[in-house]
Amino acid sequence: MEHQEGVKSVKAMLHQNQKDKREVVANIDHLKRLCIDHYFQDEIAEAMSTCLDLVHSDDLLDATLSFRLVREAGYDVSADEVLRKFAHVNGDYSLDHSKDTKGLLSLQDISNLNMGEESLYKAKEFSRKHLTSSIEHLEPNLGRYVRQSLDHPYHVSLMQYKARHHLSFMQSLSSTNTGMQELAVAEFQLNKLLNQREMQEIKRWWMGLGLAQEIPATRDQLLKWYMFPLTIVEGQAFSRYRIETTKIISLVSIVDDIFDVVATQEELSRFTEAIKMWDLAAADSLPSYMRSRYSALYTITNGIAYLVEREHGLYPMDQLKKAWATLFDAFLVESKWLSANQVPSLDDYLSNGVITTGAPLALLHLFFMAGHDPSTAGPGNLMAGHIPTIISCPSKILRLWDDMSSVKHASKEGLDGSYKNLYLKENPVATRRGTCLG
């Protein structure tokens, strides 16, 4: 009840403070940064007209903050047109704005929404330079906020974690709305309890399977696997989806380890063929550790298919089976490259590597659980080159990000290649300084 009263109180405050356009925009910004904006979608939609007015302001903070909010909402507004008034004819920003700390912070924020606009490339450079040089001269709380904003920029960081820093900064200001802060604290507590319950359920499921104990060489990283759905799927209504997606990710990781460091090539071929048959009886001839994993992924996947049918009237079993088969085929390709000491081409490695992230498989399950059939955006299978863009793009980012950080994972024994190493092999004149892969 206290939480509901908090939502009502903030709604009332938003409706009362509609005359001051700057305050309207600032309140919407606070709601989004505190990750409580989902309670106020109608109020935020109504505020877009105010943002569209202020985007033409001569004040750097008003214009850039309003621009950020309308671009986040999907409005087609040109950054070059909005920012032209703050720059010289050559596009360089005027030093008149070099002391406007809040304006520079907002300019830095929108630079991360760049869609190829020259003004935003220059905005990042200009704002970072002057914010960095100003930190030691700022009031301590503001200085810490600026440092944290530069180290963990808005839009390229996890909002749930950024929210705590923003709340701390708000609490250091005497003029900010306490009702909004109290609601944010209550939201943090609710989410904390929910996440703990989810993690406990996942841990009980995992321990019951005993998969990690059966093969010590495989990973046992439940919290890490849970972090992916936790950060992708927010909100109390999607608790079940986070739990089931974590199970899928954990099974993908275990299968990956089997292909990398456990099984023989002949066992891997039999494992892959059994998955394509999608019949528990097909696993009878497999080693016991493979049978237990086969049973686990078979049971979980069928359970998700029934959940989707119950909640949305879809029965995606065919698509999910094909996705598992595609993943196993991709793992098998990697395994054959390694066993034959074969170096794939850069394109072959990346197209196969997108699938072996497991992201297309996990996202397919997640989309179906949410009631969406991603196969309507393209062919229904997940073969490389036929993955819907909404799935292929984050999967490619994950592949490259994982490769960039793989050198840090010293405990992993299996070597499945690196895009960076292959790139440098095909481009021997490239150097760390000369590429974005260093």
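Trp278 is found in the loop between α14 (265–277) and α15 (288–312), where helices are DSSP runs of H or I with at least four residues, strands are runs of E with at least two, and both are numbered from the N terminus. Its phi is near 50°, a positive value in a residue other than glycine. At 10% relative accessibility, Trp278 counts as buried, a word that here means under 20% relative accessible area, with exposed meaning over 50% and partly exposed lying in between (1.4 Å probe, protein chains only).

A word on the model itself: it is predicted, so local features need pLDDT of at least 70 and side-chain atom pairs count only at pLDDT 80 or more, while totals for chains, interfaces and linings use all residues. Residues are numbered from 1 along each chain as its sequence is written, and side-chain values use heavy atoms, with hydrogens and water left out.

His155 is not a glycine either, yet has a positive phi of about 80°. This histidine lies in the loop between α8 (140–151) and α9, and at 28% relative accessibility it counts as partly exposed.

**The chain as a whole**

The chain holds 20 helices and 0 strands. Its C-alpha trace spans about 70 × 60 × 40 Å along the principal axes. Of the 438 residues, 50% count as buried. Among contacts (heavy atoms within 4.5 Å) between residues at least 6 apart in sequence, 65% join residues at least 24 apart.

**Two cores**

In soluble globular proteins, nonpolar side chains tend to be buried together. A nonpolar core here is a set of buried Ala, Val, Leu, Ile, Met, Phe, Trp, Tyr and Cys residues joined through side-chain atoms within 4.5 Å. The largest such core has 67 residues, of which Phe271 and Trp324 touch the most other members. A second, separate core of 54 residues includes Leu31, Ile36, Leu107 and Leu120.

**Around helix α6**

Helix α6 (residues 101–111) has 10 of its 11 residues buried, so it is largely enclosed by the rest of the structure. Those buried residues are Thr101, Gly103, Leu104, Leu105, Ser106, Leu107, Gln108, Asp109, Ile110 and Ser111. Their cover includes α2 (21–33), α4, α5 (79–83), α7 (118–134) and α8.

Thr64 sits in helix α4 (residues 60–72) and is buried at 0% relative accessibility. Beyond its neighbours within four places in sequence, Thr64 is in contact with Leu83, Gly103, Ser106, Leu107 and Ile110.

**Around helix α12**

In helix α12 (residues 222–232), Leu222, Trp225, Tyr226, Pro229 and Leu230 are buried. They cover an arc of only 140° around the axis, which puts them on the same side of α12; the arc is taken from the directions from the helix axis to the C-beta atoms. What covers them includes α9 (159–171), α10 and α13 (239–262).

Ile249 lies in α13. Leaving out residues up to four places away in sequence, Ile249 touches Trp225, Phe228, Pro229 and Ala362. Ile249 and Lys224 are 25 residues apart in sequence and 9.8 Å apart in space, C-alpha to C-alpha.

Leu363 belongs to helix α18 (residues 359–369). Apart from neighbours within four places in sequence, Leu363 is in contact with Ile391, Pro394 and Ser395. Its C-alpha atom is separated by 32 Å from that of Gln4, 359 residues apart along the chain.

| Residue | Relative accessibility |
|---|---|
| Thr64 | 0% |
| Ile249 | 16% |
| Leu363 | 13% |

**Helices α1 and α10**

Two packed helices are described by the angle between their axes and the distance between the axes. The axes of α1 (residues 2–16) and α10 (residues 178–209) come within 9 Å and cross at roughly 145°; axes are lines fitted to C-alpha atoms, for helices over the stretch in contact, with angles running from 0 to 180 degrees between N-to-C directions. His3, Gly6, Val7, Val10 and Met13 in α1 meet Gly179, Met180, Leu183, Ala186, Glu187 and Leu190 in α10. By class, this contact has 7 nonpolar, 3 polar and 1 charged residues, where Ala, Val, Leu, Ile, Met, Phe, Trp, Tyr, Cys and Pro count as nonpolar, Asp, Glu, Lys and Arg as charged, and the others, Gly among them, as polar.
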